[in-house]
Amino acid sequence: MALKRVHAVIIGAGAGGGVVAKELATAGLSVVLLERGKWHSGGDCRKDDLFNQRTQVLGAKFGPDDERNPRVLVDEHGQESVVIPSDGGYSNNAACVGGGTFSYGAMAWRYMEKDFRMRSTYGAVEGSTLADWPIAYDDLEPFYEKAEWEMGVSGDDSNNIFKAPRKKPLPMPPLPHTLEHRILQPAAERLGLHPFDIPMLRNTVPYNGRRSCMRCRWCVGFACELSARTGTHNTVIPAALATGNCELRTDSMTKEILLDSQGRASGVTYFDVHDRLQEQPADLVIVCGGAIESARLLLNTKHRLFPNGLGNRSDWVGRNLQSHSYAGANGLFDYDTFDDIGPGASIAICDYNHGNPGLTGGGMLANEFIRLPYQFMASVPPWVAPWGLEHKEFVRNAYKRTIVLIGPVQEMPLFDARVQVDPKVKDHWGIPVARLSGTRHDHTIEIGRFLAAKAEAWLKEAGAVQTWKRGFGKSLSGGQHQAGTCRMGDDPRTSVVNKDCQLHDVDNVYVIDASVHVTNGAFNPALTILANAYRASANLLKAWKGSKAAA
Amino acid sequence: MEIRGVRLRRRTFLGAGLAAAAGVTAISCGRSSQLGTSWRFFTADEAQTVQAICAQLIPSDRDPGAKEAGAVNYIDIQLTRPFRRYQKTYRRGIAAVDDVSRSKFGKPFVQLNSDQQVDALNAVEEKSGAFFDLILAHARQGFYGDPRHGGNRGMASWKMLGLPFPQVRGRQHYDVSENG
């Protein structure tokens, strides 16, 4: 039996869905927000270095769980395997209220102006579907500002001469500098670079009724027991609920979008916490599941008019899966660089995001979050024996004497880096799972090499006695920064949604998450997802003409 | 506020706490003599072999190694939990280590001297790379990871690295008063 009809059902309570829920509920629409994961609290946050969202050795602490959520991965050699969330290659993003913003590092970047027009800035890249966004930075600017002030961003990017113009400064100052920051800053300046304090969705002073960061070492990947780190779970989602117009249903796994005989959406079906199939009728269906799950949901929604999946008439749903390929370097110092003061990443440069000779784009560079002892294994240089006394000796001597500089390369999108639904493998609920396949573009790898060399040079200038690069290979990129699978564009033949994030094919279905990113900048995408969700919500509300649902 | 987590991992948690109280050296001796009494997945012989492998992967020196820190205990516990999917890999892998040891030196791995064990492990690394990588990762987790999962007894590795214990939350050692 169908549940009470509402104006909008939103699938996914992450960065995008949280903002949309709040904006729509505040405007008086009745909203049901479906989240397949749970609502964790700061009290769930044991600082467990093997069971969290960063390391995932013993599972992904904030979901999805390993038992019920397989995917199929076709690797760069064509080898096919079933993978679970804690496996590498699964491209996991947290499944919980807040989504990735519940346990992320909280960098709050505005993309740069050129990031929205990569194709017209650099021209075509062979083999890549590189294109301009149908919107410009200026379209997003007011919504970046809204996200920064409504949710709360700290930092100081006044020394970042490369940033896109902002009308208002950030609402909170940066944290006092750590030892690492104090070592890196003068070195960058000596090199003629422009270091600054990274904008962060983290309170550095009490803001919006929440406390300020206490600077512990367990930040990225963990819950914040002070709620000083900011996500949709402690800002817009509570605000949405407080309107009385929004109902949040956790442990609710959406199965498919329901379509009427004309092919318009009439709601969704989902499995509730007891695995019972429920039907939620709605006037609007807003898909905010992240680039992989959003594409999967559209592809799993079949109809006479859409035999290959909803929104997929032109075969673009699930294409252009991209993320960020991290490149950088480790530096070993002959004195302690570790002062055990979190949260970690604090200093960055944008000198290499654009304008690099021969390269299409580039990447930001920043210092890495604190590496807990087991995570530190990835910081042991290749010339050290992987086991035995030599390895142990290195870890003992180097743990407090290394700095990692690393940054996200803006990836060249590929038509064949994609999400499909697997013809055989199903999840716990019997829903066909996502099937991931494809590779990285060679030019992405080239940019990574460039960025790693720049990181190495910065570390050397800072006094590192030894440095070694970090890079990546050809394998498919995904993970938390997943994007691109429901491209935003003006032309229905080469995109999935229009600039308002509305499906070209069906006017009452929206996709509002990083799926719509045409390219993904060279920055953590959270603030852009939030800003675009504010923008898309505003446009949706402008076009809203009331409905069949009881108010 | 962490009641739920404690309940779920009560056994591990208490075990780690007791180990911490009793001290690293004493426990490592005591534990060896108990091999075979309380394993969840391993047979007594397998546990001995895994412990000996771990002792070579992360040896003891002036600080305890993976053996003293109970890495084998961590692996054994996890093989009945999230690592269930590696049970077969372990069963076969341990047998392969002994096969290599017998063919090279005529004795099972645990009876080899230290140099011979290193030789045997080098051969395993080449022949059974997947198992070697797995047990190396698990030994590191059992040595460097959180004690609540059965390894890192007495916070051995954290002490080695000079990390404070009990775990420090920021306000205890960092002046944030200016920030409120």
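In chain B, 61% of the contacts with a separation of 6 or more are between residues 24 or more positions apart. By contact I mean that the C-beta atoms of two residues, placed from the backbone, lie within 7 Å. Before I go on, a word on what we're looking at: this is a predicted model, where local features need pLDDT of at least 70, side-chain atom pairs count only at pLDDT 80 or more, and totals for chains, interfaces and linings use all residues. Residues are numbered from 1 along each chain as its sequence is written, and chains are lettered from A and ligands numbered from 1 in the order in which they are written.

Okay, staying with chain B. Helices here are DSSP runs of H or I with at least four residues, strands are runs of E with at least two, and both are numbered from the N terminus. Of the 180 residues in chain B, 42% are buried. Buried means 20 or more other C-beta atoms within 10 Å of the residue's own, exposed means 12 or fewer, and partly exposed is in between, again with C-beta atoms placed from the backbone.

Now have a look at helix H6 of chain B, residues 87-105. How do H6(B) and H7(B), residues 114-127, pack? Their angle is about 125 degrees, and the axes are 9 Å apart. That makes the pair oblique; the cut-offs are under 35 degrees for roughly parallel, over 145 for roughly antiparallel, 65 to 115 for roughly perpendicular, and oblique for the rest. The axes are lines fitted to C-alpha atoms, for helices over the stretch in contact, and angles run from 0 to 180 degrees between N-to-C directions. The crossing of H6(B) and H7(B) is right-handed, that is, the near helix is turned clockwise from the far one by less than a right angle, with anticlockwise being left-handed. On the H6(B) side the contact includes B:Ala96, B:Val97 and B:Lys104, and on the H7(B) side B:Asp119, B:Ala120 and B:Lys127 are among the residues. By class you get seven nonpolar, two polar and three charged residues. For those classes, Ala, Val, Leu, Ile, Met, Phe, Trp, Tyr, Cys and Pro are nonpolar, Asp, Glu, Lys and Arg are charged, and the others, Gly among them, are polar.

H6(B) also packs with H8(B), at about 105 degrees and with axes 10 Å apart, which makes the two roughly perpendicular. Here B:Thr89, B:Gly93 and B:Ala96 of H6(B) meet B:Phe131, B:Leu134 and B:Ile135 of H8(B). The tally is four nonpolar, two polar and no charged residues.

So where do the two chains touch? 31 residues of chain B are in contact with 30 residues of chain A. Helices H4 (44-57), H8 (129-144), H9 (156-161) and H10 (170-173) of chain B each give two or more residues to that side. The chain B side divides into twelve nonpolar, twelve polar and seven charged residues.Over to chain A, and strand S6, residues 196-200. Is S6(A) buried or exposed? Five of its five residues are buried, so the strand is largely enclosed by the rest of the structure. S6(A) pairs with strand S5 (residues 154-156) of chain A in the antiparallel sense over two bridges, and two strands count as paired if DSSP finds at least two bridges between them. A:Ser154 has A:Met200 as its bridge partner. Strand S12 (residues 347-349) of chain A is likewise antiparallel to S6(A), over two bridges, with A:Phe196 opposite A:Ala348.

There's also an open sheet of four strands in chain A, in the order S4-S3-S16-S15, with mixed pairing. S4 (80-83) and S15 (418-426) stand at the edges with a single partner strand each, so one side of each has no neighbour in the sheet. On average, neighbouring strands are turned by 35 degrees against each other, direction ignored.

Last stop, A:Thr243, in the loop between helix H5 (236-242) and strand S7 (246-249) of chain A. A:Thr243 counts as partly exposed because it has 17 C-beta neighbours inside 10 Å. Leaving out residues up to four places away in sequence, A:Thr243 touches A:Ala25 and A:Thr26.
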